[in-house]
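Thanks for coming. I will take one chain and go through it piece by piece, with the structure on the screen.

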Amino acid sequence: MDSVFEAYLGPDGVLAGAVVGAVAGATGEPDDIPNVNTTVWILGKSYNAIQELELIRRDVQSRLWCTYRRGFVPLGEPQLTTDKGWGCTLRCGQMVLAQALIDLHLGRDWFWTPETRDQTYLKIVNRFEDSRKSFFSIHQIALMGDSEDKKVGQWFGPNTVAQVLKKLVRYDDWCSLMIHVAMDMSIVSDDIMSLCLENPQNDESWKPLLLIIPLRLGLSDINPIYIPALKKCFELVGFCGMIGGRPNQALYFMGYVDDEVLFLDPHTTQRCGSVGQKTSQDEIEFDATFHQKYAGRIPFTHMDPSLAVCFLCKTRISFDILLEDLKTKVLTASTQPLFEIVKTRSPEWVSSMPGTTTTTTTTMPYNLTSSTTTNLNTSKTYQYPSINTTTNNNFNGDQIMQISDPCYNSFEDFSNSCEMNSSSLQTFQTIGYNTNSNSDDLTSYSSTTTRTISCGDTEDFEKLNHTSEELRPRNCCDEYTGSDDDFEFIS
């Protein structure tokens, strides 16, 4: 399989002769930011596209860029040594969490340089190295995905990644972060207060919160009525990005300029290694692989309708400010609100389905601390926004130079797309690994799994009585067949 990699990669595992997500202009200058006098928003900060171009690029480069890796310790039953072809959404989840940790522990005004050896920064980047001991490695995320009914090597959707990260942060005391996943497109403030406020009488007892809001803003294409509200999200303080993408290709959305969204693309396969304490030349060079100076950009209308919006609230006051900004700036920006904000869970959310109590046992895939057992009550119904039912399969990818590694629905899809020769088997070893071809189908309530189920705070949208051909399982990274995600609609 190394021969397959070399067709895409240069000697250091970076795309040969190309800058990811940027189009080279006539002068050789990357076309990452349009050369017009306009405002560029990056994670809640505004810049002038012409006067502050280098500052914009410095800000982009300071974010942790998580990409496909190859050559890591064999992962799971299939003994995978790369996540190429299936790990793009996992990598986008890593980028969101990394941004939250950088903002929380280093501040939004912190910038990275090749000489950076700050111990706090090293603690953060070490957590995302692809080894079994790293808290948020591809190993931990992929194996914890089994609790969400996703096998190792199977493609995740935005919501599944959010659920997995929510579980993993509980095992890392240093990160000092709680994750709340606002399901049913509703933010329930009382649920968040009970999670983050240890003492209701003391705002100082607040635990920093990463709020993740999974959304479905259309059927096969994003509904344009939501774009003004999405733009407002990029402008808010504490914004940590979006786990999203274009149809069948996950991207980390971090900002926007005019009618285009800016992103970091995980579809570059790089070598595995360790930053360590950044003392050796190899560690210094490997640290540089976590940073990309140039963002890519695509029109908002080319975004996949399945995404997750993420915000960091460091204090109780910042949470109150976020709720007010969401109410006054985001929810009023579009004729149809992105989601709703309520104080308590309304009785209408309680499902009439009997016997929906599930015991879920969650353990760290590679034991770092301890295991926990959670008993959750699982009763819920769903509410959906207006959707755009017009299908547009004429995707134009000319806006950026897209020379990147493809992704697939699962490891099997990837292996079937290649001629597996002896060198391939050295990289990919499949040991008794079988997956249903309809791997993206969601489980019904009648199935008995260890998947997390709770009232409005976890779980993917369930598959109930689907009849539309639009909702058939789709393969990742095939722009002509629609999107591959966790979100389904009730017919």
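This is a predicted model: local features need pLDDT of at least 70, side-chain atom pairs count only at pLDDT 80 or more; totals for chains, interfaces and linings use all residues.

Start at the hairpin formed by S8 and S9, where two residues sit between the strands and asparagine 248 takes a positive phi near 70°.

One of the pairs is arginine 246 with glutamine 249, its bridge partner in S9.

S8 also pairs with another strand. Four bridges join S8 to strand S13, residues 306–313, and these two run antiparallel as well. Within that pairing, isoleucine 243 stands opposite alanine 308 in S13. How many of the residues of S8 are buried? S8 is residues 239–246, and eight of its eight residues are buried.

Follow S9 onward and you come to the loop between S9 and S10, where aspartate 258 lies. Phi of aspartate 258 is near 55°, a positive value in a residue other than glycine. Aspartate 258 is partly exposed, with a relative accessible area of 38%.

Aspartate 184 has a positive phi of about 60°, and it is not a glycine either. Its place is in the loop between strand S5, residues 178–181, and strand S6, residues 186–188. Is aspartate 184 buried or exposed? Aspartate 184 is buried, with a relative accessible area of 4%.

Helix H8, residues 227–235, is mostly covered, with seven of its nine residues buried. Those buried residues are Ile227, Ala229, Leu230, Lys231, Cys233, Phe234 and Glu235. Note that a lysine and a glutamate are on that list, Lys231 and Glu235. What do the buried residues of H8 pack against? They pack against strand S1 (39–42), S8, S9, strand S10 (260–264), S13 and helix H10 (316–330).

Helix H2, residues 53–61, has Leu53, Ile56, Arg57, Asp59 and Val60 as its buried residues. Seen down the axis of H2, they fall within an arc of 155°, so they line one face of the helix. The buried residues of H2 pack against S1, strand S2 (45–48), S9 and S10.

Now the core. The largest nonpolar core has 119 residues, and the members that touch the most others are Leu97, Ile187, Leu210, Leu338 and Phe339. Which helix gives the most to this core? That is helix H3, residues 88–105, with eleven residues. In soluble globular proteins, nonpolar side chains tend to be buried together.

Take leucine 210 from that list. Leaving aside its neighbours within four places in sequence, leucine 210 is in contact with Val96, Leu97, Ala100, Leu177, Met178, Ile179, His180, Cys240, Cys310 and Phe311.

Glutamine 94 is buried, with a relative accessible area of 0%. Beyond four places in sequence, the contacts of glutamine 94 are Cys66, Phe128, Asp130, Phe136, Ser137, Ile138 and Ile141.

Arginine 70 has threonine 82 as its bridge partner in S4.

Last, the totals. The protein chain has twelve helices and 16 strands. Of its 491 residues, 59% count as buried. Among contacts with a separation of 6 or more, residues 24 or more positions apart account for 74%. The chain exposes about 18900 Å², and carbon and sulfur atoms supply 49% of that.

How values were computed. Residues are numbered from 1 along each chain as its sequence is written. Side-chain values use heavy atoms; hydrogens and water are left out. Two strands pair if DSSP finds at least two bridges between them. A nonpolar core is a set of buried Ala, Val, Leu, Ile, Met, Phe, Trp, Tyr and Cys residues joined through side-chain atoms within 4.5 Å. Buried means under 20% relative accessible area, exposed over 50%, partly exposed in between (1.4 Å probe, protein chains only). Contact means heavy atoms within 4.5 Å. Accessible areas come from the Shrake-Rupley method with a 1.4 Å probe; for residues, only the protein chains shown count as cover. The arc is that of the directions from the helix axis to the C-beta atoms.
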